[in-house]
Amino acid sequence: MFFVIIFTYFFLGLNSIFANDFYYRHGVAMHGDLKYPKNFEKFDYADELAHKGGEIKLSSIGTFDNLNPYILKGVATWKAAYLFETLMRSSFDEPFSQYGLIAEGVKIPDDRSWVTFKLRNEAKFSDGSSITPEDVVFSFNILMEKGHPIYKTYYGQVDTVEKISKNEVKFSFKGEPNPELPLIIGYQLPIFSKKYWENKEFDKTTLDPPLGSGPYLVSDVKPGRSITLKKNPNYWGKDLNVNSGRFNFETIHTDFYRDETVALEAFKSGSYDFKLENSSKNWATAYDFKSVEKGQVLVEEIKYFRPSGMQGFAFNIRKNIFKNRNVRKALSYAFDFEWSNRNLFYGAYTRTKSFFDNSELSSQSLPNKKELKILENYRGKVPDEVFDTVFSPPNTENQENGLRKNLRIARRILKNEGWVIKNDILTNSKTNEVLEFEILLRSPLFERIVLPMKRNLKKLGINVSIRTVQDDSQYIRRLENFDFDMVVTNYGSIISPGNEQKNYWSSKTADLPGSPNIIGVKNPVIDEIIEKLISSKTRDELITHTRILDRILLFNYYLIPQFHIGHYRVAYWNKLSRPEISPKYDLGFDFWWYDPEKAKLIGEIENEPIHKEKDSGNFILLFLTTSLLIIIWRIRRKN
């Protein structure tokens, strides 16, 4: 009898182990445990009582000619991403965790060599057809074959994708362990309808709204001018816990503006409802108008806790003049951030000193024992400074004649590298090559930042031209084809870095058209460090390798760091409301809502500035003009 009982328990144990549902979980965390348990009601930063309905009017700078944001061709509007759902949904108050969306469950072994997703029976496309494993397999394959080239890098370690049952699909991986890859598949793979795309060309631009499975449908498109999304009343996922308090607007209308100045004036007049402000000058001076004083427009700074990322002047090191690290280092002395912050930015910014500033991932301390142990393997292959120096960009703070001193340092470095002044132009003494280049800009707003640096470089004998390209398609093409010398760029950063670093910095992406590796980095040490970062098994291991990567990038002077702030600057008409709790790592705008009671109180819109300097200026101009006319009239009378 005893052996019968033991055998029964053993059999039941094996049966449960091999049962499909045994290892399925409601979510997955990159490291550690999930914050939210199975069957949780909502995210902490969601308000389940948020009003549903109303219209939100938004703006975008530029233009568009494509509703498929997953291909290289055309200029896509990313508003179209609202049409497509993914297998999992990320939370915004955890470093990197995901919960079931199209997939109700996820199964991953300890070594993360594969991942299986169990699809929800209720998950459907907007035409009512069910989302099947065949659709998931098709979505992956079509992106690899005809999607943006970057997907081949992102999903390069996926070995096979297969349907294993009527509602399960399995991704198997190859090569070195990549613990992040199951999560990347979960939240970054848009799911397309295989049937819909059967007789269509996926890699061609389209203005026909493609079939999706998301909360919104395209109701109106005016190419290059506007796009309107309407809530799908039959959206299958509206009652899921990950969507509680989310997607509250009935209509999302976006107007496209060619110029930031025009867009700002349109906001003041009430043409759209919400603005995320990126200009410190505008933030300090442009939000001083009647509607703000009357409470019709709210102006807020909302703190975030994610890494600030890196904005900077990026060198195209494919160009001969920028291949030399010390030349790049010398040019960094020509950017006087402190002067710009005082005179242009109203003291609003902090100088960026790390690709992961504002977080524990930053290398703004000397390397610890763990870092040094790894770095020793690369001594002689990385700059010596990474071992015993904390990176600090050149500055003029608390220095008398600080800029002059910095330019003297730059001259000395350049001279040591063979660059001398000939006929007032910096010239290479060996090749007679002239050091001159073009800075490519997307917006005229950056010209005021670049012009002082251009003057400083001129003092070094370097001729710099500035090209502002406001035609989005032309600008994007030049970046995709690496047709530039220097460009102002921004590397966004997340609290749990991983495979995106391969896209930014790996040798494999340096010559890939449309790659985020716009600088052209080809560094075997960086390639190795990124692989170790990606395969990190613990949070501590991830932090260690991220700091090492940060040090190597900084001391190679691939770009000249600019500045950052630690909060979002938002202005919005007081007919919007947001949850009391803000997510730590995102603005969480999808959780805001239209408030009909507030909207009733806005009343008539007045757009005059509060302060009257402009009015007095106009009065003075009117006075001078009138006086001049009177003088002319008197002269004519005398004659």
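User: Why is β18 called largely enclosed by the rest of the structure?

Analyst: Buried means under 20% relative accessible area, with exposed over 50% and partly exposed in between (1.4 Å probe, protein chains only). Five of the six residues of β18 are buried, so the strand is largely enclosed by the rest of the structure. This is a predicted model: local features need pLDDT of at least 70, side-chain atom pairs count only at pLDDT 80 or more, and totals for chains, interfaces and linings use all residues. Residues are numbered from 1 along each chain as its sequence is written, and side-chain values use heavy atoms, without hydrogens and water.

User: What makes β18 and β19 a pair?

Analyst: Two strands pair if DSSP finds at least two bridges between them. Strands here are DSSP runs (E, at least two residues), and helices are runs of H or I (at least four), numbered from the N terminus. β18 and β19 have six bridges, in the parallel sense. Phe 437, for instance, has Val 464 in β19 as its bridge partner.

User: How do you know that β18 also pairs with β20?

Analyst: Two bridges join them, and they run parallel. The criterion is at least two, so the pair qualifies. Ile 439 is bridged to Met 486 in β20.

User: Why is the unit of β18, α14 and β19 called right-handed?

Analyst: Point the strands away from the viewer; a path from the first strand over the helix to the second that runs clockwise is right-handed. The unit of β18, helix α14 (residues 447–459) and β19 is right-handed.

User: Which elements cover the buried residues of α15?

Analyst: Among them are β2 (55–61), β18 (436–441), β19 (463–468) and β20 (486–491). The buried residues of α15 (472–480) are Asp 472, Tyr 475, Arg 478, Leu 479 and Glu 480. Just after α15, Phe 482 has a positive phi of about 55°.

User: What makes a set of residues a nonpolar core?

Analyst: Its members are buried Ala, Val, Leu, Ile, Met, Phe, Trp, Tyr and Cys residues, joined through side-chain atoms within 4.5 Å. The largest core has 83 residues; Leu 87, Phe 117, Tyr 155, Phe 171 and Phe 274 touch the most other members. Helix α2 (residues 133–146) gives the largest share of this core, six residues. A second, separate core of 80 residues includes Phe 391, Leu 407, Ile 449 and Ile 552.

User: Why are β5 and β7 called edge strands?

Analyst: The open sheet has four strands in the order β5-β6-β8-β7, with antiparallel pairing. β5 (103–107) and β7 (158–165) each pair on one side only. Six bridges join β7 to β8 (residues 168–173).

Conventions:
Contact = heavy atoms within 4.5 Å.
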